[in-house]
Amino acid sequence: MLLAHRIRLDPNNVQGTYLVRAAGTARFAYNWALAEWQRQYQASLSDPALPKPNEAALRRQLNAIKRTDFPWMLEVTKNAPQIAIMQLGRAFENFFVHRARFPTFRRKGRDERFTVSNDQFRVEDKRIRIPKLGWVRMRESLRFAGRIVSACISRLAGHWFASITVDMPDGLSLPPTESQGAVGVDLGVKKLATLSTGETFAGPKALRTLLVRLRRLSRQLSRKVKGSRNRGKARLKLAKLHARIAYLRGDSLHQLTTSIARRFHTIGIEDLNVKGMLGNRCLSRAIADMGFGELRRQLMYKAAWRGGQVVVADRWYPSSKLCSCCGYRIESLGLDQRQWACPGCATQHDRDVNAAINLRNMAVSSTVSACGGEGSGLARQRRAKPAPEKQESSGKAALRRIG
Ligand SMILES: [Zn+2]
């Protein structure tokens, strides 16, 4: 299993200049290869004797001319141009199998990154050694002990990060869940989430003020003259705020998923379709922003690390409309209706807690029947999917709370 740990870098001025140059070299090589790919492809159409373009040939071609045509490329690690072209090859592969769109040119200011392979860098406690640059300070040490595969150095909102990919054959094996019990998680309209235990996760509080500031900054940016220095400054300010909001949201999502995966063995969640959910402007901003898929992905791999499991309800499972006591199903329930009384058994329900309890019951009954008990309708709705291959843990947020 590949795990990536993203660590903030603290380069000095000279190092910062190098990083900008290496990222620029990678971008140049990528764009050069993309243009060359298209040219060679057109040529091969008109003359079938010519070979179709491929990334290995393009790398050899660039290596042959870089000394004379682009001598500045030699000032940074040779990985910067090489791996960029390999990434272009992968982008085309993804395009050919309809996984992605046709590759586009990288842009300055947006695509500031380069990758180094494991034979080209070294990590030692809180520092990383990059060829032709030397040691760069990191904000924390690498948390995963395994074979290092590669590192992607990138810039976001003025800060540099190293995302170090480590191969850990067994993933992380963490202590098993604190209880072998089950829990249902209802994703909130105003709150981030409600558990079947009655607990609620409110989500980040600072967000509201930041969102007000975000509106103000984007307004200021739009008034600045295009191409002016003040516009550049305003843009960086806005980018920093965007990044900060994303960190806050990512952190609260990680706190939620870690807390659940640490405490419960069986976790029942809804299968919200992401597009429909984004249309719902009320849904908690932390989830709407990260996407429901991200929450599910985190729960899946964090549960797997502790031997737990996630059960996803069918998309049409009416978790809010069923009475968790007697199973009565009411016809309609408005989004603003926080409380309701069951006509069947007269129980007073809190909308979110009731939905969470239903999800918990769904998870329990589907795992029981999957283990050889009586088959029920819910069993067919169980969809166990393997955890995705690569998991990215962002900076400080992700794993500190797992231990
Ligand atoms: Zn009832």
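Of the 403 residues of the protein chain, 45% count as buried, a term that denotes under 20% relative accessible area with a 1.4 Å probe and protein chains only, whereas exposed denotes over 50% and partly exposed the range in between. The model is predicted: local features need pLDDT of at least 70 and side-chain atom pairs pLDDT 80 or more, while totals for chains, interfaces and linings use all residues. Residues are numbered from 1 along each chain as its sequence is written, and side-chain values use heavy atoms, with hydrogens and water left out.

Select the whole chain and colour by secondary structure.

Next, select the zinc ion. Its coordinating atoms are the SG atoms of Cys 323, Cys 326, Cys 342 and Cys 345, at 2.2 to 2.4 Å. Donors are N, O and S atoms within 2.8 Å of the metal (3.2 Å for Na, K and Ca); water is not among the atoms, so sites may look incomplete. The arrangement is tetrahedral because the four donor atoms subtend angles of 107 to 113 degrees, and four donors count as tetrahedral if all angles lie between 85 and 135 degrees. Along the sequence, the donor residues follow the spacing C-x2-C-x15-C-x2-C.

Then select Cys 326 and Cys 345. Cys 326 lies in the loop between β12 (309–312) and β13 (339–341), and Cys 345 in the loop between β13 and β14 (348–350), so the pair ties together parts that are 19 residues apart in sequence. Cys 326 is partly exposed, at 41% relative accessible area; Cys 345 is also partly exposed, at 32%.

Note on methods:
Four donors count as tetrahedral if all angles lie between 85 and 135 degrees; four count as square planar and six as octahedral if opposite donors are over 155 degrees apart and all others between 65 and 115; anything else is irregular. Helices (H or I, at least four residues) and strands (E, at least two) are DSSP runs, numbered from the N terminus.
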